[in-house]
Amino acid sequence: MARPGDTLRLGEDRLTFLTTAAQSGGAYVEVAVDYAPAVIKPPAHYHPMQTELMKVESGRVSVLLDGTLHEYGPGEEFYIPPGVVHSLWNPGPERTRIVWRTTPAYRTESVFETLWGLTNEGRLRPDGTPRLQMPLLALEFRDEYRVVTGRPFLVDMALCAALAPVSLACGYRSTYCPPQHKEEPQPA
């Protein structure tokens, strides 16, 4: 479970939790994300039941929103409604800082911890897409995050359900616990 001030790192990018789901009573989660210029664009995805409100504090951000490319700069806000396919990245050359609110919170904190943590450890491809862990992640976070595959959602879920036992047998799990949240051994 994320705590205010917890920071996730992914290469040169940083995500800091500002307001957690626990603090907002589940209404939203808010993070600040500092992006280096993008080397690889993240996958197109959507959130079936959540809205995102983002404010650019510094730098610029490119947003592919429902097939249309937009660019936003300091002080500008943009809104991503539920179900709208999108991807965003820092087009460079300077760093970009965005404050990002996801409403309602659902398990967005766990999505961030899992996707950023697994990518940082090299267990996901550099573009953030998982290998054999994908069936478990897709099933676990289907209410929060869906990667666009080009197949109907129900077909993806059926494929994931069929492959999940193989993923589990290979030792994969559906969530990731960041090192700072692992239980500290108690002194004897």
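Is Y72 buried or exposed? Y72 is buried, with a relative accessible area of 15%; buried means under 20%, exposed over 50% and partly exposed in between, for a 1.4 Å probe and protein chains only. The model is predicted, so local features need pLDDT of at least 70 and side-chain atom pairs pLDDT 80 or more, while totals for chains, interfaces and linings use all residues. Residues are numbered from 1 along each chain as its sequence is written, and side-chain values use heavy atoms, without hydrogens and water.

**View 1. The ring pair of Y72 and F78.**
Three aromatic pairs turn up in a search of the whole structure. Y72 and F78 form a stacked pair, because their ring centres are 4.4 Å apart and their planes lie at 15 degrees. Rings of Phe, Tyr and Trp (its six-membered ring) pair with centres within 6.5 Å; planes under 30 degrees apart are stacked, over 60 edge-to-face, and the rest tilted. F78 is buried, at 4% relative accessible area. Beyond its neighbours within four places in sequence, F78 is in contact with E52, L53, M54, V56, V61, V63 and Y72 (contact: heavy atoms within 4.5 Å).

**View 2. The ring pair of W100 and F112.**
The W100 and F112 planes stand at 85 degrees with ring centres 5.4 Å apart, so this pair is edge-to-face. W100 belongs to strand β10 (residues 96-103) and F112 to helix α1 (residues 108-120), twelve residues apart. Helices (H or I, at least four residues) and strands (E, at least two) are DSSP runs, numbered from the N terminus. Both W100 and F112 are buried. Ring pairs join F17, W100 and F112 in a cluster.

**View 3. The nonpolar cores.**
The largest nonpolar core has 24 residues. A core is a set of buried Ala, Val, Leu, Ile, Met, Phe, Trp, Tyr and Cys residues joined through side-chain atoms within 4.5 Å. L15, F17, V61, F78, W100 and F112 have the most contacts inside the largest core. At least two of its residues come from each of β2 (13-19), β3 (29-35), β5 (51-58), β6 (61-65), β8 (77-80), β10 and α1. Strand β3 gives the largest share, four residues. A second, separate core has eight residues, including V111, L115, F141 and Y176.

**View 4. The surroundings of H45.**
H45 lies in strand β4 (residues 45-46). H45 counts as buried because its relative accessibility is 11%. A polar atom of its side chain lies 3.0 Å from the backbone oxygen of P43. The side chains of H45 and H47 make a polar contact at 3.4 Å. Such a contact is a pair of N or O atoms within 3.5 Å; within protein, one must be able to donate a hydrogen and the other to accept it, and residues adjacent in sequence count only if both atoms are side-chain atoms. Leaving aside neighbours within four places in sequence, H45 is in contact with V84, V85, H86, Y145, R146, V147 and V148.

**View 5. Charges over rings.**
The charged end of R101 sits over the Y28 ring, 3.7 Å from its centre. The charged end of R146 sits over the F153 ring, 3.6 Å from its centre. The criterion is NZ of Lys or CZ of Arg within 6 Å of the ring centre and within 35 degrees of the ring normal.

**View 6. Backbone geometry in loops.**
The G92 to P93 peptide bond is cis, with omega near 5 degrees. P93 lies in the loop between β9 (86-89) and β10. D66, not a glycine, has a positive phi of about 55 degrees. D66 counts as exposed, at 56% relative accessibility.
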